[in-house]
Amino acid sequence: MHDQPTQPGIRVSLGELIEMRHRVREVQLFSTPARRSPLIGLHHSKLRGRGVDFDQVRIYQPGDDVRTIDWRVTARTQEPHTKLFHEERERPIYIMVEQSKRLFFGSGLMFKSVLAAQAASLIGWAALGHNDRIGGLVFGDVEHHEIKPRRSKQSLLQLLSRLAKANQALNNDSQGGRDNQGGRDGFGLALRRAREVLRPGSLVVVLCDERTLSDNSEQQLLLLARHTDLLLLPLSDPLDHALPAAGLLRFNERDAQLELDTQDADLRQAYRSLADARQARWQRLAQKLGVPLLALNTQSEMIEQLRQHLNAQRARKTL
């Protein structure tokens with residue numbers, strides 16, 4: 001397949017995803033010895049003690065696991081110190097990113113498919129800089145492409161290459177078929193695959209359309225969370241949440257036609273209620289699993305949204 005011409009906000013190229021590495025410093029996704037991220041909990045494996053190597057000692061900070069306090073150093077210095085382990089910085093990070101036809105849409109700064117690709121790339125570069133093993137799975141309406149986690153730049157570049165190709169193929173009717181073809185739950189199948197291949201203690205980053213969550217995929221997330229850590233990033237567009245009063249709108253897809261009277265206040269309220277229910281479902285799921293929920297939308301700049309989420313996480317930890 002030949003690359004489509006770059007259209008800012010509509011498609012991304014591999015070069016653009018590679019360039020995202022220069023923006024990693026703008027947001028503190030993962031902790032370093034000098035700076036701590038509010039997502040630090042994602043780097044404390046539930047299986048501590050199995051194959052971990054001692055790395056260094058540093059001053060205890062709020063949020064550290066009290067079980068890792070080094071009592072000898074604490075007694076000698078009269079200041080609490082905690083141990084760091086290699087496992088915290090060298091774990092498989094598996095980035096699951098959706099590139100389906102439902103994402104090939106946007107009324108804000110970019111299409112949802114572009115937002116997903118950019119966020120996945122940023123997280124991938126941040127994880128590589130953190131010395132983690134990077135892999136992932138790009139999934140769409142019909143097929144998915146998997147990259148096994150490895151501690152190498154080449155692994156991340158393979159993932160980004162697959163991601164760029166999937167992104168550029170979205171407007172090609174010969175690629176991917178109908179959205180959710182034949183009732184196929186691409187997200188649920190991708191999650192099932194992740195459960196099959198990932199070892200306990202992995203971190204799974206999920207970037208998908210807000211509307212992708214179904215009964216089956218929610219059950220798969222619950223099962224996946226039993227032995228991995230999760231970071232959920234559902235994606236949306238302003239038009240997913242509110243229908244504008246734009247008069248009579250006609251939609252055509254193949255032989256199907258649909259007319260909507262957007263002046264109908266009841267219709268707009270029902271539309272908004274469905275969107276509110278989707279958001280509430282994601283919030284309930286994140287709370288049930290005890291995992292971070294960093295919802296992103298196409299209306300504002302992606303890195304600024306991540307900063308706001310992390311600031312909110314930091315504020316909650318200090319309460």
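**Aromatic pairs and a buried helix**

Phe139 and Phe187 are both buried, where buried means under 20% relative accessible area, exposed over 50% and partly exposed in between (1.4 Å probe, protein chains only). The model is predicted, so local features need pLDDT of at least 70 and side-chain atom pairs count only at pLDDT 80 or more, while totals for chains, interfaces and linings use all residues. Residues are numbered from 1 along each chain as its sequence is written, and side-chain values use heavy atoms, leaving out hydrogens and water.

A search of the whole structure finds two aromatic pairs. Rings of Phe, Tyr and Trp (its six-membered ring) pair if their centres lie within 6.5 Å; planes under 30 degrees apart count as stacked, over 60 as edge-to-face and the rest as tilted. Phe104 and Phe111 are edge-to-face because their planes stand at 85°, with ring centres 5.0 Å apart. Phe104 is partly exposed at 23% relative accessibility, whereas Phe111 is buried at 18%. Phe139 and Phe187 form a stacked pair, 5.5 Å centre to centre with 15° between the planes. This pair links strand β4, which holds Phe139, to helix α5, which holds Phe187, 48 residues apart. Helices (H or I, at least four residues) and strands (E, at least two) are DSSP runs, numbered from the N terminus.

Helix α5 (residues 186–197) also contains Gly186, which is buried with a relative accessible area of 13%. Leaving aside neighbours within four places in sequence, Gly186 is in contact (heavy atoms within 4.5 Å) with Phe139 and Gly140.

In helix α4, the buried residues include Leu156, Leu159 and Leu163. Among the elements that cover the buried residues of α4 are β4 (133–139) and β5 (144–150).
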